[in-house]
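User: I'd like to go through the labels attached to this protein and see what each one rests on. Could you help me check them against their cut-offs?

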Amino acid sequence: MNNFKYFAPTHVEFGKGVEERAGALVRQFGGKKVLLHYGGGSVKRSGLLDRVIASLDAAGVPWVELGGVVPNPRISKVREGVELCRREGVDFLLAVGGGSAIDSAKAIGYGLAYDGDVWDFYARKATPTASFPVGCVLTLAATGSEMSDSSVISNEETGQKRGVNTDLCRCKFALLNPELTYTVPPYQTAAGCADIISHTMERYFAGEETVEPTDSIAEGVIRSVIEMAPRALRNPEDYEARAAIMWAGSLSHNGLTGCGHGGHGRVGDWACHQLEHELSGMFDVTHGAGLAAIWEAWSTYVMPCAPKRFARFARNVMGVAEADDEKAALAGIAAYKEFLRSIGMPTNLRELGLTLTDEQLDKLAYNCSFEGTRDIGSVRILAESDMREVYRLAR
């Protein structure tokens with residue numbers, strides 16, 4: 001087991017009606033004027049935004065609002081938010097929505113504490129040293145941003161999707177009511193489940209090393225989502241299924257499932273996420289679906305470097321009984337692929353709706369390698385040529 005640091009400072013309140021605690025918690029964490037940051041009209045139509053506003057009013061916290069966040073949140077909206085918050089004297093950011101709203105709020109927090117353009121952080125031209133505080137009311141179980149150190153933003157002008165990871169942006173509090181996910185469409189529910197599992201896998205597949213009890217926790221998180229995803233799709237108002245998926249989403253990305261593992265850079269592998277970021281940056285696809293579409297190609301390509309690890313996943317998560325490690329590993333990859341198909345997720349780029357040319361494969365790999373300046377992955381280190389081959393296998 002490697003040395004590790006585990007830091008998960010977010011105050012979490014979980015259960016029915018917790019969104020009504022938003023105002024009190026903003027005050028508790030020092031907020032004096034709030035930006036309410038959200039996506040489309042669903043938070044208004046459902047009455048959620050009104051309940052959050054009522055809680056702020058009851059706590060005596062003034063607020064301004066900025067809607068319009070979209071999936072793969074845009075840097076232009078972040079810049080708009082920074083300007084609005086400076087003009088209005090906002091000192092606390094409250095995201096009401098899924099990971100896109102939270103990531104956008106985190107980016108605004110970085111931008112408010114910086115004299116330059118906030119994209120500098122995502123373009124690796126500068127490193128954040130401060131951030132305004134962020135809280136959230138979660139409406140979609142997927143990204144785990146409610147407890148993570150991550151913010152991922154797309155630049156619509158350049159077609160780039162880039163992330164920044166620092167503890168500065170971790171939410172001060174997260175309010176998690178599974179009932180708020182009842183109206184999430186089936187495709188988005190399934191994509192969220194694929195994203196949750198992927199966050200866990202990125203840490204789980206960090207090489208051949210076994211790390212107990214971290215590995216058992218990770219396996220349990222994945223098994224829970226695999227069990228509960230079909231239930232939530234059959235009955236969107238299955239509270240226990242929605243609750244399990246929502247909590248799994250938080251556990252999958254708060255660092256717990258990677259404690260003790262090594263990696264190439266960050267703890268874990270993260271190649272699938274890096275490969276997918278280029279897909280959604282260029283083609284604006286749903287992130288969880290993009291992860292599902294790339295997974296079989298990536299896992300088949302890297303598995304020979306860690307057959308025992310993939311065999312453990314096959315046996316402990318997918319229930320494969322095969323004794324031979326390599327055969328078990330391949331059976332586990334096939335079984336997980338079938339699970340993805342069973343919940344309506346794509347398992348290759350064609351099923352994702354993309355028919356890519358050789359030139360587009362070259363461009364994706366070039367972008368993913370940051371113009372030939374970096375490798376990715378941990379199970380197998382992927383150079384630009386390897387990245388292109390994974391994209392080709394996924395095609």
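Analyst: Happy to; below we take the labels one by one.

Analyst: This is a predicted model, where local features need pLDDT of at least 70 and side-chain atom pairs count only at pLDDT 80 or more, while totals for chains, interfaces and linings use all residues. Residues are numbered from 1 along each chain as its sequence is written, and side-chain values use heavy atoms, with hydrogens and water left out.

User: Why is Thr 189 called buried?

Analyst: Buried means under 20% relative accessible area, exposed means over 50%, and partly exposed is in between (1.4 Å probe, protein chains only). Thr 189 has 5% relative accessibility, so the label buried applies. Thr 189 sits in helix α7 (residues 186-204); helices here are DSSP runs of H or I with at least four residues, strands are runs of E with at least two, and both are numbered from the N terminus. Not counting residues up to four places away in sequence, Thr 189 touches Val 184, Ala 232, Leu 233 and Arg 242, where contact means heavy atoms within 4.5 Å.

User: What makes strand β4 largely enclosed?

Analyst: For β4 (residues 92-97), 6 of the 6 residues are buried, so the rest of the structure largely encloses the strand. Phe 92, Leu 94 and Val 96 point one way, and Leu 93, Ala 95 and Gly 97 the other.

User: How do you know that β4 pairs with β2 and with β5?

Analyst: Two strands pair if DSSP finds at least two bridges between them. Strand β2 (residues 34-38) runs parallel to β4 and is joined to it by 5 bridges, with Leu 35 opposite Leu 93. Strand β5 (residues 134-138) also pairs with β4 in the parallel sense, over 5 bridges, and there Gly 97 stands opposite Leu 138. Both pairings therefore meet the cut-off.

User: What makes a set of residues a nonpolar core, and which members of the largest one touch the most others?

Analyst: A nonpolar core is a set of buried Ala, Val, Leu, Ile, Met, Phe, Trp, Tyr and Cys residues joined through side-chain atoms within 4.5 Å. In the largest core, of 102 residues, Trp 298, Phe 310, Phe 313 and Tyr 336 touch the most other members. Helix α11 (residues 287-302) gives the largest share of this core, 10 residues. Apart from it lies another core of 22 residues, including Val 18 and Phe 92.

User: Why is the contact between Asp 358 and Arg 388 called a salt bridge?

Analyst: A salt bridge is a side-chain nitrogen of Lys or Arg within 4 Å of a carboxyl oxygen of Asp or Glu. The closest N and O atoms of Asp 358 and Arg 388 are 3.8 Å apart, so the pair qualifies. Arg 388 also forms a salt bridge with Asp 362, at 2.4 Å. Arg 388 is in helix α15 and Asp 362 in helix α14, so that pair ties together parts 26 residues apart in sequence.

User: Why is Arg 388 called partly exposed?

Analyst: Its relative accessibility is 22%, so Arg 388 counts as partly exposed. Asp 358, at 40%, is partly exposed as well.
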